[in-house]
Amino acid sequence: MHNVFASIQSNLRRQAEQIVLTIPFGAKLSGIDLDSQSAILAAVLLDLGIEPSDRVSVQIDKGWMNVLLYLAVLRCGAVYLPLNSAYTDTEIEYFLTDAEPKLHVCSRDRARHAKNLKHSLTGLEILTLDDKSGSLFDLFLAASSEGKTVEAIVPRGSDDLASIIYTSGTTGKPKGAMITHNNLISNAAMLSAAWAYSADDVLLHALPLFHVHGLFVALNLALIHGGSVVLLPKFDLDAVLSVLPDVTVMMGVPTYYTRLLADRRFDQEICGHMRLFISGSAPLLVETSDEFFDRTGQRILERYGMTETGMSCSNPLRGERRPGSVGPPLPGVEVRIVDEDGSELSRGAIGSLEVKGDHVFKGYWKLPEKTAAEFNDEWFITGDMATLSEDGYVSIVGRGKDLIISGGLNIYPKEIEDVLNDQTGVVESAVVGVPHSDFGEGIVAVLVGEGTLDMGALEIRCRKKLAGFKVPRRWVQLEALPRNTMGKVQKNLLRDEYADSFV
Ligand code: MLC
Ligand code: AMP
């Protein structure tokens, strides 16, 4: 049995009577509650005709029903496809057209647009869900009162898909990363071994549930190997400070830690009992790591990964947690640094980071050629530039890909430039990321126009197409973009020029 839900169920049953999921001021569910209620929701999905390998796309608010839906989809052997709640209708239309889900579950305020889509997407069922209502919620209540449930877990092969998560790229449209049951089981096992994650742990979960970090690194690990989870709807400083005394582990993007440090209530006393603070998804500045250590006496444990691979490296739980480094590869992961020709470099040299292991995804949905292009034989090319020290620590020193990471969210300039270049009056554009004191990086759009461009109008049009976090926060018009002798836009010059925009 390779269905990852089987691993989750074993842990839920070990904790049958204990509270495994707590929503502050909301639901509290024991291991048996999560097991039995996900079985009821799975029965609903089976009645709706969901079969193994069918995609179920999900754009709902974070809450206990979100967790149940994730579990129910896995239990049915279907493929869980989470979508950022900030995505616009235009973005959602692309994902649904590409992934061809059988069922799309969305929040009620999204349902109207999704229903319009239904005409163009054959066979798509659309239901709504939040923690207290929605058409899927009604079906769940009805099934519950009728005593409907499923005992069995749909068996899956280790290479079968558990999830698809879309990730953008330097060229073209977002690609669906196909993540298998074995990817999830093996990565959770690696993390649990590396971090000594156990039933005694209580996880503070403030991350979104639509990305690898919140869904797999945090939730999946806790459900398979951990004790309980305190689930906050989002990262809210007051809420985080109020639940900190009740938890033992926190995971977050660097912005969470800089926001905590900016608040004087965050001190040694409030986190003295904490076992572990973990950071990832974006570089944790050495200054942040040091300031955190000075304030709390604890060193944040930084790890590294990506959607396609789950987690690859982690600083050690015991041993040196080295600021500026993401630590050695996890047990079962191999890493190497190569030059432009794909030949392995010696220790200390900067090159392209490649990884290998059971955690590496199966490929991009319906894109075998793009998949092949991201592999160097059996090594996955991460697109990150890194060094490997003599003692085996990896440091990410830059990106080989044109990528901005803002508040832990990946933003590919090409996607924004495509939207800007389509606007009347825009001749060309270059989008760059520059330091941002809260988000790590912030977005600047540099434009060349036929006349004077109306930046306000451009921003509004951008917002219609792109999720809010992708909309540039600074707009600049130039006579011409700086180019090198090959005609390539020199983004490094633009980054230098506008470096002070958000600090
Ligand atoms: C929100 N906004 C952002 C943003 N998040 N802008 C830039 N970058 C972000 N990350 C904008 C919104 O569009 C809105 O602006 C305004 O900020 C307020 O929105 P909000 O939702 O209230 O913001 P806030 O709650 O402050 O959210 C910021 C955040 C959140 C940092 C707490 O983005 C977050 O939780 N990020 C974590 C992302 C994550 O999980 N990454 C992991 C990816 S997996 P407007 O103008 O539109 O109204 C991965 C692999 C790995 O990378 O290794 O883990
Ligand atoms: P995503 O595609 O959203 O999964 O983001 C993956 C990317 O986030 C990686 O390729 C890195 O560029 C970046 N990343 C993740 N963790 C770290 C980290 N600890 N330090 C630096 N960059 C990171």
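Going by class, five charged, nine polar and ten nonpolar residues make up the shell around ligand 1. In this scheme Ala, Val, Leu, Ile, Met, Phe, Trp, Tyr, Cys and Pro count as nonpolar, Asp, Glu, Lys and Arg as charged, and the others, Gly among them, as polar.

A quick word on the ground rules. This is a predicted model, where local features need pLDDT of at least 70 and side-chain atom pairs count only at pLDDT 80 or more, while totals for chains, interfaces and linings use all residues. Residues are numbered from 1 along each chain as its sequence is written, chains are lettered from A and ligands numbered from 1 in the order in which they are written, and side-chain values use heavy atoms, with hydrogens and water left out.

**Around the ligand**

Ligand 1 is surrounded by 24 residues, with Tyr256, Ser281, Arg303, Ser406 and Gly408 the closest; to be near, a residue needs a heavy atom within 4 Å. Helix 10 (254-261) and strand 13 (301-306) each give at least two residues to this shell. Helices here are DSSP runs (H or I, at least four residues), as are strands (E, at least two), numbered from the N terminus.

The table lists some polar contacts, meaning pairs of N or O atoms within 3.5 Å.

| Residue | Its atom | Ligand 1 atom | Distance |
|---|---|---|---|
| Lys234 | polar side-chain atom | oxygen | 3.0 Å |
| Gly407 | polar backbone atom | nitrogen | 3.0 Å |
| Gly408 | polar backbone atom | nitrogen | 2.8 Å |

On its own, ligand 1 has 1,000 Å² of accessible area, and the protein covers 74% of that (Shrake-Rupley method, 1.4 Å probe).

**Spaces inside**

How many cavities of 30 Å³ or more does the structure hold? There are five of them. A cavity is a set of points on a 1 Å grid over the protein atoms alone where a 1.4 Å probe fits but cannot get out, and lining residues have an atom within 4 Å of a point. Grid points are joined across faces, edges and corners, and the volume is the space filled by probe spheres set on them.

The largest cavity comes to about 120 Å³. Its lining has 16 residues, and Asn183, Leu184, Asn187, Phe216 and Gly310 sit nearest its centre. Helix 7 gives the largest share of that lining, five residues, and helix 8 (212-225) also supplies at least two.

The second largest cavity holds about 50 Å³ of space. Among the residues lining it are Val58, Tyr80 and Phe210. Strand 3 (55-59) and strand 4 (79-82) each give two or more residues to this lining, which has seven nonpolar, two polar and no charged residues.

Technical notes. Polar contact = N/O pair within 3.5 Å; in protein donor to acceptor, adjacent residues only side chain to side chain. 1 Å grid on protein atoms, 1.4 Å probe; cavity = no way out; pocket = protein on both sides within 12 Å on 5 of 7 lines; lining within 4 Å.
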